Amino acid sequence: MTAVQSVPTVPESRTAKGGRGARILKGLRRALPANTKARVGLGIIAAYVLVAAVGPWVVQSLMGLSPTDLTPDVLQPPSLAHPLGTTQDGSDVFAQLVVGTRTSLLVGAVAAIISTVLSVAIGLIGGYYGGTVDSVLGAITNAFLVLPGLPLVIVLAGYLQGRGGPYTVALVIGLTGWAWGARSKRVQTLSLRSRDFVLNARLLGESNRRIMAVEVLPNLLPVISATLMMSLVTSILAVSGLEFLGIGDINTTSWGQMLYLAQQRQALMSGAWWWFVPPGVAITVLGAAAGLVNFGIDELTNPRLRGARKQTRRAAEKSRTAGKAAQS
Amino acid sequence: MTATTLAPGGPVQAAGKAAGRRGGRRSRILLRRIGFYLGTAAVAITLNFVIPRLMPGDPASVILTKMGQKEQISPATEASIRALFGMPDTSLWQQYLDYLGQLAHLDFGTSITYFPTPVSTVISQGLPWTLGLVTLTTVLAFLLGTGLGILAGSRPGSRFDSVMAPLATFLGSMPYFWVATMMLLLLSVSVPVFPSQNGYDLALEPGLTPEFIGSVITYGTLPAITIIVSSVGGWLLGMRNMMITTVAEDYVSLAEAKGLSRWRVLLSYAARNAMLPQVASLAISIGSVVGGSLLAEAVFQYPGVGFLFYQAVINLDYPLMQALFLAISLSVLCANFIADSVYVFLDPRTREDA
Amino acid sequence: MKLGRRPRRWGSITICATLGLALSACQGGASAGGAKDTLVINYASGKTVLQENYNPLVTTGGTATQGTRIYMFQSLMGIDNLKGGEFTPWLASAQEMSKDGRTLTITLDKRATWSDGKPVTAEDVVFTFDLVKKTPALNGTGISFETVEAKDDKTVVMTFEKAAFTQVPGILKQYIVPKKHWEGKNPVTFTNPKPVGSGPYTLERFNPKQVTLQLRDDYWRSDTIKVKHIQLPVVNAATEISQMMSGKQDVSGGAIANLEKLYIQKDPKKNGYFYPSYGFLSMFFNHDRPQLQNVHLRKAMSLAMDREQQIKLVTALGANPISQTGLDAETQSKWLDPAYKEPVEQDLAAAKSELKKAGYTLRGGKAVDAKGKPLALKYIEVSDFADSVQRARVIASQLMKIGVKVTVQPLAIATYNEAKAKGEFDLAASGYAYGAVPWQVYNSMLNSQFAGSADGKKPAQTNNFLRWRDDKTDRLLDEMASSGDEKKQIEATRKLEKVIVDEVPYVTLSSITAGCAWSNRNWTGWPSEKDDPYTYCAPWYDGPEFEEVLSRLKPAGS
């Protein structure tokens, strides 16, 4: 029980209990829409993905707005022609925000996929084999967990100097940000390892690799998707932070670059709130959406949190640790 | 699935381990913990060695060229830079030994940005600022967040709770640098209450004078507010959820039934136990608070290590950059260790055994 | 129920206490700074950290010197671009070139002393010129003479092998250092930590965020200068205007975006500016890059630019598009061939046809070469000069219209200077001040002796970061230099103008202004366009101009 407390991300706390994993997952699938917070959170994230997918086309082709075109309409407040006003270049802020959503989400997704793949590999192998392998991998995981991530990313980005564009930074973030996920996946694998179907497969002489891939991995999917979502948000924040510092590629349109340029070109002094508030809000709302989903999952797993009378001893600091993870 | 099979001594599980295994001793836990942190420090030191050697080009030559433009490089300087950043002709193992030797002497080479000041001097000037700022704000945010969390969690669904919980989620999601920018706008530009940059009034001679201390407080306020605003939400939510869970425990109901005042029950029974995971989280989250404060420092040009770090990166000051990475990592490890040890002493399960 | 109420109060008390502490603290500190005899200047160093380097002889490399030397050191004379390039006395009170252009006599100001109390002597001047002559890294203007001698304590005589009229401005603009403190030092790397100079101020205190200077007691002009202390802090551009509006900063040499709207109009009585033109701005090519050696490509890029838009979006106050030669049709009309008077107009059709001649075809909006490789160029700029980065982005966007993809890379100033010197760029931009004669600016930009080597081993120098190596140009520069006859000089200059128009070694964008935005909350007496345009007030402007401003400033309300 106590071990569960320390686990940073959420769903494994259910399945860590052993045999109930699959059942709870089914329940989750049914229950998720029932939880308003999770539903709102997922809805917001879905909206972002939608904007990233079709937004640039809508804005550029249907509305005729360009994120990069320079016009004489400098620093215009929001109007019908420019829903979110214009920048110091006379570029449309709304178009930048929408195109930036795609860039930021793509970069975040690349980082998230890399870190999730790493975390699955390390967590799965460690949890499945146990023993020395687990000790070594576990020590490395814990080391990466306590080492501050952002300084490491900044150092690497400092050497790279924008070489390779935003995706190199994404790679770096992915390579450094896997520890949280690895830990949760390890715990879950541990619980699955001694389950009947795994033991059966072993008795049948299945290779370890196959058992991991066919029997264990599918059961990890809920955890994986939760990690993926969290690290997407975390990575977007990290990339935006780097770009805001001026360690990004100034030639791309993204939320971080918008904020960087807004600050550089004295948007604050001009009172051009429409320039630097939207990207910040975009990031915050995305982060909050992830927080809501976590919150919702917490409530599902810990009925006490949503006001039910049932007593549960489950630890609940997860939502806060998850929220913190999103900050770094 | 008992906790005993868990991780090999992570910062937090070890506590669970102790609980699971009846014979766990506090000292043993602490020793284990020390071992883990020493191991992690070794990882940080090794990463610091590996990174410049993995990077494209030859950072050592780049650094030496840059320095050469400013001043004649002494053989000693060149040797220390080579030891830190790579010497193509020597074996990697020998390089590693040389590098460890450098560290043992606290010789991190010379900063390019602050040429010709040694890196160790530059960092020792910046570190107190960040340590002060981060420690103070983390403690304040922790107390504030935990306090508000107790209040929110003691009556889930109350008006206070239904405002606080979403607000905390939102605050916790705001990026530090954006909060910093907004603070700058609101409290330095629109209503010029606080200075917008630096750590103290540059016209003053640093010293323990009332003016100087006053200016340090004034100049530190905006960075401090930024960090508190961005990190308080996490503590609040964590404590709230813990409280909600704990308040429903039997012993709390029992205490209530005994007729103890609600307030007393909340604080001495529920909150006290709900605190434990909070302290555990403190250890884990220090790294991210430091990361966030680095960005805030860059915005406010606060003279701590975050701003130095930013300087080092934009000026391609590799010696300063690497040393700062090491200094920050090791400081975070120390802070982690302290928080972890506090946890061990607070945890009744380890107390019983000791 | 009871419990539900208590928390709220508790919470608000905590918040109040925190805020209260902060507010009381801030009131305590607000009084500091802004003392009556102190002037706070943004000298636009382009840096976020200052270095302790007060070597006035090194002009490149982004040392702290660049901005601070005009307060602590002096050159022999200044060149007043507001008065058509007239010489103005500074450390020297007079100069005379013989008719044959081979003997220059310089008379030092009798009142001049070093800040250690010793008089400035002709020996110091001789020492400095010998040093410059034998140290190519310091010899940015190519000073070459046969002998330099002290005729007496305050008179220096310099002789030349051939007529050296064009060398005079460079020689007079040379900063002079005291022999006693510089003998035996490596003049390039010496950081001069305890600067001894002949200027009105000395170093009071150094902090990586601020240099503080103090008025000397024994400078001959000290009685008339009311500014006793100067603070040169690193300024955060994002909040600079609010600093000036609240009287915490008095003058800015930085480029403030939307100055007119955000600053002047907010308080026209207290806020002002003066931005006279002093030279031209150009984007230049790295001619060591094979693709940029094609003149048609260079022409295409010049034709693709909308110069009016650049000025508007960068909000460069007072700037105008000018002739491709770089010479201003008003102040430099004597030298400018009337045929080249008009600025290049944007003409996308012509630009595209030049691009075609250069061997590029447009495919999917991108210019690709014969092998199908898209043309991509790297434009470097100083990251802390937000206006310049903005200009770079505008240019990138304009060149995209003819399919030329330009990537803007902002760099820290030291890295930028290094990249420029080593040729690690494709495009960059720079401003050039007119000298006494056009030869001065053209020679520094286009003379192959400053171009460095193509392999990057020998860095480019002075202003020839273009790495322009052209025999015809060198010949014409020689021709301009060797004649004392203005008519012949004009003739040669116009021939060189033709080279610049035909070959496009660089693209002239606009005139460039030097000036300041000022606040008269603490100090009055600033120059302004309509009241008293007496001189340049840019606090980084190299020469005696800012000392003139300082001598005219009076505390507000006196």
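Biologist: Which residues in helix H4 of chain B are buried?
Modeller: This is a predicted model, by the way. In H4(B), which covers residues 75-85, the buried ones are B:Ser80, B:Ile81, B:Arg82, B:Ala83, B:Leu84 and B:Phe85.
Biologist: And what does the backbone do just after H4(B)?
Modeller: B:Gly86 comes just after that helix, and its phi is positive, about 120°.
Biologist: How many helices and strands does chain B have?
Modeller: Chain B has 14 helices and 0 strands. Its pattern along the sequence is α-α-α-α-α-α-α-α-α-α-α-α-α-α.
Biologist: What share of chain B is buried?
Modeller: Of its 354 residues, 58% are buried. As for contacts in chain B with a separation of 6 or more, 71% of them join residues 24 or more positions apart.
Biologist: Which parts of chain B does UniProt list as "transmembrane region"?
Modeller: The unreviewed UniProt entry gives residues 30-51, 129-151, 163-192, 212-237, 279-300 and 320-346 of chain B.
Biologist: What do residues 163-192 of chain B look like in the model?
Modeller: That span is 87% helix and 0% strand, and its end C-alpha atoms are 30 Å apart. Residues 320-346 of chain B are 100% helix and 0% strand, with 39 Å between the end C-alpha atoms.
Biologist: Which residues of chain A get that label?
Modeller: For chain A, UniProt (again an unreviewed entry) lists residues 40-59, 105-129, 136-159, 165-182, 216-239 and 273-297 as "transmembrane region". In the model, residues 136-159 of chain A are 92% helix and 0% strand, and the end C-alpha atoms are 29 Å apart. Residues 273-297 of chain A are 100% helix and 0% strand, and there the ends lie 35 Å apart, C-alpha to C-alpha.
Biologist: OK, what about B:Gln301?
Modeller: B:Gln301 has a positive phi, near 50°, and isn't a glycine. You'll find B:Gln301 in the loop between helix H11 (262-300) and helix H12 (305-314) of chain B.
Biologist: Is B:Gln301 buried or exposed?
Modeller: B:Gln301 is buried, because 21 other C-beta atoms lie within 10 Å and the cut-off for buried is 20 or more.
Biologist: And what is phi for C:Arg467?
Modeller: Phi of C:Arg467 is near 60°, which is positive for a residue other than glycine. C:Arg467 lies in the loop between helix H13 (438-446) and helix H14 (471-482) of chain C. C:Arg467 counts as buried because it has 22 other C-beta atoms within 10 Å.
Biologist: Since we're in chain C, in what order do the strands of the open sheet run?
Modeller: The order is E8-E9-E10-E1-E11-E20-E12, so that's 7 strands in chain C, with mixed pairing. The edge strands are E8 (201-207) and E12 (271-274), and each pairs on one side only.
Biologist: How do E1 and E10 of chain C pair?
Modeller: E1(C), residues 38-42, and E10(C) pair in the parallel sense over 3 bridges. C:Val40 stands opposite C:Gln231 in E10(C).
Biologist: Where does C:Val227 sit?
Modeller: C:Val227 is in the loop between strand E9 (210-215) and strand E10 (229-233) of chain C. C:Val227 counts as buried because it has 22 C-beta neighbours inside 10 Å.
Biologist: What does C:Val227 touch?
Modeller: Leaving out residues up to four places away in sequence, C:Val227 touches C:Asp37, C:Leu39, C:Leu215, C:Leu550 and C:Leu553. C:Val227 and C:Glu547 are 320 residues apart in sequence, with their C-alpha atoms 11 Å apart in space.
Biologist: Which way do strands E2 and E3 of chain C pair?
Modeller: E2(C), residues 77-80, and E3(C), residues 86-89, pair in the antiparallel sense over 4 bridges. C:Met77 stands opposite C:Pro89. Their hairpin has 5 residues between the strands, and there C:Gly84 takes a positive phi near 60°.
Biologist: Last one: at what angle do helices H8 and H10 of chain C pack?
Modeller: H8(C), residues 295-304, and H10(C), residues 348-357, pack at about 165°, with axes 8 Å apart. The two helices are therefore roughly antiparallel to each other, and their crossing is left-handed. Residues that meet there include C:Leu297 and C:Leu303 in H8(C), and C:Leu348 and C:Leu355 in H10(C).

Technical notes
Residues numbered from 1 in each chain as written. Chains lettered and ligands numbered in written order. Predicted model: local features only at pLDDT ≥ 70, side-chain atom pairs only at ≥ 80, totals over all residues. Pairing = 2+ DSSP bridges. Buried ≥ 20, exposed ≤ 12 C-beta atoms within 10 Å, placed from the backbone. Contact = placed C-beta atoms within 7 Å. UniProt positions renumbered as here; feature names shortened; annotations may be inferred. Axes fitted to C-alpha atoms, helices over the stretch in contact; angles between N-to-C directions. Parallel < 35°, antiparallel > 145°, perpendicular 65-115°, else oblique. Left-handed = near helix turned anticlockwise from the far one by under 90°.
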